[in-house]
Amino acid sequence: MAEGIGSGVILNLAKVSKSFGGLMAVNYVNLSVRKGELRALIGPNGAGKTTLLNLITGIHTATSGKVLFKGEDITRLSPDRISRKGISRTLQVTSLFPGLTVYDNVWAAVQSRKTFFNPFVRAERWADVREKTEAMLELTGLSGKAQTVCSELSYGDQRILEMGIALSTEPDLLLLDEPTAGLSTQESIGLVKRMRALLSGRTILLVEHDMGVVMELSDRITVLHYGEVLAEGSPSEIMESEEVRKVYLGT
């Protein structure tokens with residue numbers, strides 16, 4: 001049974017299903033993520049991982065079941081309302097403004113949360129937005145590349161920048177959809193080191209195919225197979241599961 005919000009759970013999926021015509025992409029999933037936890041969501045291609053993220057962020061609406069965030073039912077809210085509730089997300093492919101600088105990309109995210117605008121003050125003079133932008137650039141290690149056009153960044157830096165942009169909205173929950181996709185093994189190792197510092201203490205739901213990344217970063221792992229939860233546990237418990245090895249790891 002899914003856990004209640006009183007036990008420190010920030011995200012609670014209760015018997016969530018999603019069908020597309022005759023295809024059941026997510027089937028009766030219960031999932032609870034605690035505040036401060038980094039939960040990995042793994043499974044073969046077509047297991048329903050990205051669909052589950054889409055249900056959490058309002059891109060899709062569940063056919064049945066409920067998505068609870070901080071105790072509130074957000075199952076049928078629009079993506080923009082869910083974002084303002086405190087959930088942010090990165091995608092499988094980069095989604096930056098490639099013609100803008102690193103600074104401007106982060107600035108745009110920070111100012112999106114500004115609730116009061118003085119029409120007589122130019123936007124670039126908003127001290128609070130500027131300070132938060134500079135702080136996020138420092139946190140991501142991209143201060144030295146603030147004026148670099150995003151299209152000129154390495155792919156690893158683009159992925160870090162995306163995480164910085166997502167964190168700039170000050171989310172209570174960050175969803176990461178395959179952050180190391182397209183990176184070499186060596187690049188992935190470098191990105192993981194930077195992610196460990198950047199994401200420390202935050203509540204994360206991570207979808208990732210690279211098992212090295214999953215084992216290095218996650219507190220707990222949920223395994224999906226054909227849209228259903230196959231197993232759940234610590235990294236060591238998942239690695240020792242014969243069923244998981246057979247279905248996911250191919251051993």
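1. A crossing is left-handed if the near helix is turned anticlockwise from the far one by less than a right angle, and right-handed if clockwise. By that rule H5 and H6 cross right-handed. Helices here are DSSP runs (H or I, at least four residues), numbered from the N terminus.

2. The model is predicted: local features need pLDDT of at least 70, side-chain atom pairs count only at pLDDT 80 or more, and totals for chains, interfaces and linings use all residues. Residues are numbered from 1 along each chain as its sequence is written, and side-chain values use heavy atoms, with hydrogens and water left out.

3. Helix H5 covers residues 155–168 and helix H6 residues 185–198. They pack at an angle of about 15°, axes 10 Å apart. Axes are lines fitted to C-alpha atoms, for helices over the stretch in contact; angles run from 0 to 180 degrees between N-to-C directions. H5 and H6 are therefore roughly parallel (angles under 35 degrees). On the H5 side the contact (heavy atoms within 4.5 Å) uses Gly 156, Asp 157, Arg 159, Ile 160, Met 163 and Leu 167. H6 supplies Leu 191, Arg 194, Met 195 and Leu 198. These residues divide into six nonpolar, one polar and three charged. Ala, Val, Leu, Ile, Met, Phe, Trp, Tyr, Cys and Pro count as nonpolar, Asp, Glu, Lys and Arg as charged, and the others, Gly among them, as polar.

4. H3 (residues 102–111) also packs on H5, at about 25° with axes 8 Å apart. That makes H3 roughly parallel to H5. The crossing is right-handed. Val 102, Asn 105, Val 106, Ala 109 and Val 110 of H3 meet Leu 161, Ile 165 and Ser 168 of H5.

5. Which residues does Ile 165 contact, leaving aside neighbours within four places in sequence? They are Leu 96, Asn 105, Val 106 and Ala 109. Ile 165 lies in H5. Its C-alpha atom is 8.5 Å from that of Ala 108, 57 residues apart along the chain.

6. Lys 18 lies over the face of Phe 20, at 5.2 Å from the ring centre (rule: NZ of Lys or CZ of Arg within 6 Å of the ring centre and within 35 degrees of the ring normal).

Notes. Helix = DSSP H or I, 4+ residues; strand = E, 2+ residues; numbered from the N terminus. Parallel < 35°, antiparallel > 145°, perpendicular 65-115°, else oblique.
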